[in-house]
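This report looks at how the two parts of a chain meet. The sequence and structure come next, followed by the account.

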Amino acid sequence: MEAWLCEIFGIEKQQDWPVAPLTLTTDGGMPEQYYWLRADPVHLRVQRDQIILADSGTLTITQNEADALTESLNRHFEQDGMLFYGLRPDRWYLRLTTPPAIQTHMLPEVAGNNIDELLPFGPEGMRWHGLFNEIQMLFHDHPVNEQREMQGEMPINSVWIWGGGILPSVQKTPFSSIWCNDNFARTLAHITQTKFSNLPENGTAFLEQTDKEGKCLIVLDILRGAGQYGDVYGWQEGMQSLEQQWFSPLLQALKNRNLTALTIHAGAGKEIRTFTLAPSDLWKIWRRNKPLKSYME
């Protein structure tokens, strides 16, 4: 989703899609001319011959914990010219004076998966693999994690490096309004001064609140966590909720011509599939219905 948002807002890919310097602006940081990476806290768990990553959404992290762990990182990596910032409990940043010779995989792509094939790659890839090992050893017996384990919570035993870049110029705003709870979409709304609202409870509430003018972006990410962690039941429940709470009222609005068009951008693996429906399409009765899975094959 982050890559799609970058493309639709006219943001060029650098070594990575530059998520870090963009979200930094709304998390209270000053990007200036530095190279920034997200260094988000994660939990790594060994499962047989795999190391599975759980992102910060599965962890309950306090700001005090974030401050203590990033302070330890800064003491340890001071001589390497690295500076870590725990600006939010679940969103940390790494500042570098020069771009590293690596590319990274976005954290949402890695969550719930084996990290072996998803570590930073490029000319300096092996060096960064070594840094990951150092961070894991540093966090292994850290007082923060000892306390977390005593309380029955998963330890924060690593960080995930991703989304690197220098702050780009963002001027394109293809939407008149954005409705979401997603941090990155909210960031792009802020930077482009696009009207922003938190995601309403359902499509009916959206239709009541919108001024019905312009092109609206609604970010429905209810399925994301279930999809990442292989929660089939949660995904089915989420899809049923989307159908009842969002797709049905939006379809009815289309039938009533309260909407001029409805476009759905849906993730299918690493691809984004796009489906557009206009009121006139609803009269094409010769089109046969297809099961949902047929669009994902």
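In this predicted model, the centres of domain 1 and domain 2 lie 31 Å apart, taken over C-alpha atoms. The contact between them draws 15 residues from domain 1 and 10 residues from domain 2. By the domain assignment, domain 1 covers residues 12–165 and domain 2 covers residues 177–295.

The size of an interface is often stated as the accessible area lost when the parts come together. Between domain 1 and domain 2 about 980 Å² is buried, and carbon and sulfur atoms contribute 60% of that area. On the domain 1 side, Leu-22, Thr-26 and Pro-108 lose the most area to domain 2; together they account for 40% of what that side buries.

Which specific contacts link the two domains? No salt bridges are counted between domain 1 and domain 2. Three residue pairs, both members at pLDDT 80 or more, are in polar contact between the domains.

The table lists the elements of domain 1 that each supply at least two residues of the side touching domain 2.

| Element | Residue range |
|---|---|
| Helix H2 | residues 19–26 |
| Strand E2 | residues 50–54 |
| Helix H4 | residues 107–110 |

H2 gives the most to this side of domain 1, with five residues. By residue class, the side of domain 1 that touches domain 2 divides into six nonpolar, five polar and four charged residues.

Technical notes. Residues are numbered from 1 along each chain as its sequence is written. This is a predicted model: local features need pLDDT of at least 70, side-chain atom pairs count only at pLDDT 80 or more; totals for chains, interfaces and linings use all residues. Side-chain values use heavy atoms; hydrogens and water are left out. Domain bounds come from an automatic or database domain assignment. Contact means heavy atoms within 4.5 Å. Buried area is the accessible area (1.4 Å probe) that two parts lose on being put together, summed over both. A salt bridge is a side-chain nitrogen of Lys or Arg within 4 Å of a carboxyl oxygen of Asp or Glu. A polar contact is a pair of N or O atoms within 3.5 Å; within protein, one must be able to donate a hydrogen and the other to accept it, and residues adjacent in sequence count only if both atoms are side-chain atoms. Helices (H or I, at least four residues) and strands (E, at least two) are DSSP runs, numbered from the N terminus. Ala, Val, Leu, Ile, Met, Phe, Trp, Tyr, Cys and Pro count as nonpolar, Asp, Glu, Lys and Arg as charged, and the others, Gly among them, as polar.
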